[in-house]
Amino acid sequence: MDINRWLICSIRGNQLHATSSGVLTAAETRILRTQASGPIWSNAECDDAALYNGNAAGQLNSYRNDQ
């Protein structure tokens, strides 16, 4: 799957983070690095996450509810 320009968003504060690139093969995992200077998710409070695909519409591909 082509994951070029995909974005990860920390919902608390509407913070967009690392974009991804390349092709992800079946069952492959990948660590995405952020350019933030500190933690991007709160360990003290709920902080949902969203993954948006890289097409022009930036459609929501996945959502993680942090309860």
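Trainee: Is Arg64 buried or exposed?

Mentor: The general idea comes from the relative accessible area: a residue is buried under 20%, exposed over 50%, and partly exposed in between, with a 1.4 Å probe and protein chains only. Arg64 has a relative accessible area of 52%, so Arg64 is exposed. Please note that this is a predicted model, in which local features need pLDDT of at least 70, side-chain atom pairs count only at pLDDT 80 or more, and totals for chains, interfaces and linings use all residues. Residues are numbered from 1 along each chain as its sequence is written, and side-chain values use heavy atoms, with hydrogens and water left out.

Trainee: How many helices and strands does the chain have?

Mentor: Both elements are DSSP runs numbered from the N terminus: helices are H or I with at least four residues, and strands are E with at least two. This chain has four strands and zero helices, and its pattern along the sequence reads β-β-β-β.

Trainee: What share of the residues counts as buried?

Mentor: Of the 67 residues of the chain, 24% count as buried. Cys9 is an example, located in strand β1, which spans residues 7-10. Cys9 counts as buried because its relative accessibility is 2%.

Trainee: Where is Cys46 placed, and which residues does Cys46 touch beyond four places in sequence?

Mentor: Cys46 sits in the loop between β2 (15-19) and β3 (49-52). Its relative accessibility is 43%, and therefore Cys46 counts as partly exposed. A contact means heavy atoms within 4.5 Å. Leaving out residues up to four places away in sequence, Cys46 touches Arg12, Asp66 and Gln67. The C-alpha atoms of Cys46 and Asp66 are separated by 5.4 Å.

Trainee: Which residues are in contact with Ser20, apart from its neighbours within four places?

Mentor: They are Ile3, Asn4, Arg5, Trp6 and Leu32. Ser20 lies in the loop between β2 and β3, and Ser20 is buried because its relative accessible area is 7%.

Trainee: How many salt bridges does the structure hold?

Mentor: Side chains of opposite charge can pair when their charged atoms come close. A salt bridge is a side-chain nitrogen of Lys or Arg within 4 Å of a carboxyl oxygen of Asp or Glu. The structure holds two. One joins Glu28 and Arg30, whose closest N and O atoms are 3.1 Å apart. Glu28 is partly exposed because its relative accessible area is 30%, and Arg30 is partly exposed because its value is 34%. In the other, the side chains of Asp66 and Arg64 meet at 3.6 Å, N to O.

Trainee: Which residues line the largest pocket?

Mentor: Rolling a probe the size of a water molecule over the atoms shows where empty space is left. On a 1 Å grid over the protein atoms alone, a pocket is an open set of points where a 1.4 Å probe fits, with protein on both sides within 12 Å along at least five of seven lines; lining residues have an atom within 4 Å of a point. The lining here consists of Ile8, Trp41, Ala49, Ala50, Leu51, Ser62, Tyr63 and Arg64. Strands β3 and β4 (60-64) each supply at least two of the lining residues. The volume, the space filled by probe spheres set on the points (joined across faces, edges and corners), is about 150 Å³ for the largest pocket.
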